[in-house]
Amino acid sequence: MRTHLTADLEANFERFAEHLSRLEVKISDENSHKEGENDKKCVLEARLRGMKPIAVTGQGNSIDQALSDASTKLKTSLDTTMGKLRSY
């Protein structure tokens, strides 16, 4: 699973690689042993060089869905941040 997640994250954030110093991933199951809707949670924290970290949370019925949700949110946030930096 770790290899799959790493490959997915590398592909999703390749265009930001030169600006990222670190990308942290935290995955949890909110209901543990019980079944439930959107009970998988993924927190992604990106550290851009020289800036404060950007953290987002994604939820889903599976780890893949939670990771996908968080990745989409983080890419949007990084695009916005990088756009603001370019305009200065």
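This is a predicted model: local features need pLDDT of at least 70, side-chain atom pairs count only at pLDDT 80 or more; totals for chains, interfaces and linings use all residues.
**A walk through the sheet and its helices**

Residues are numbered from 1 along each chain as its sequence is written, and side-chain values use heavy atoms, leaving out hydrogens and water.

Strand E3 (residues 54-60) runs antiparallel to E2, joined by seven bridges. Here strands (E, at least two residues) and helices (H or I, at least four) are DSSP runs numbered from the N terminus, and two strands pair if DSSP finds at least two bridges between them. E2 and E3 make a hairpin with five residues between them, and Gly50 in the turn has a positive phi of about 75°.

On to E1, which pairs with E2 (residues 40-48) in the antiparallel sense over nine bridges. Lys26 has Val43 in E2 as its bridge partner, while Ser28 stands opposite Lys41 in E2.

Put together, you get an open sheet of three strands in the order E1-E2-E3, with antiparallel pairing. E1 and E3 stand at the edges with a single partner strand each, so one side of each is left without a neighbour in the sheet. Helix H2 (residues 63-86) packs on the sheet, touching E1, E2 and E3 (contact means heavy atoms within 4.5 Å), and its direction makes about 150° with that of E3. For such angles, axes are lines fitted to C-alpha atoms, for helices over the stretch in contact, and angles run from 0 to 180 degrees between N-to-C directions.
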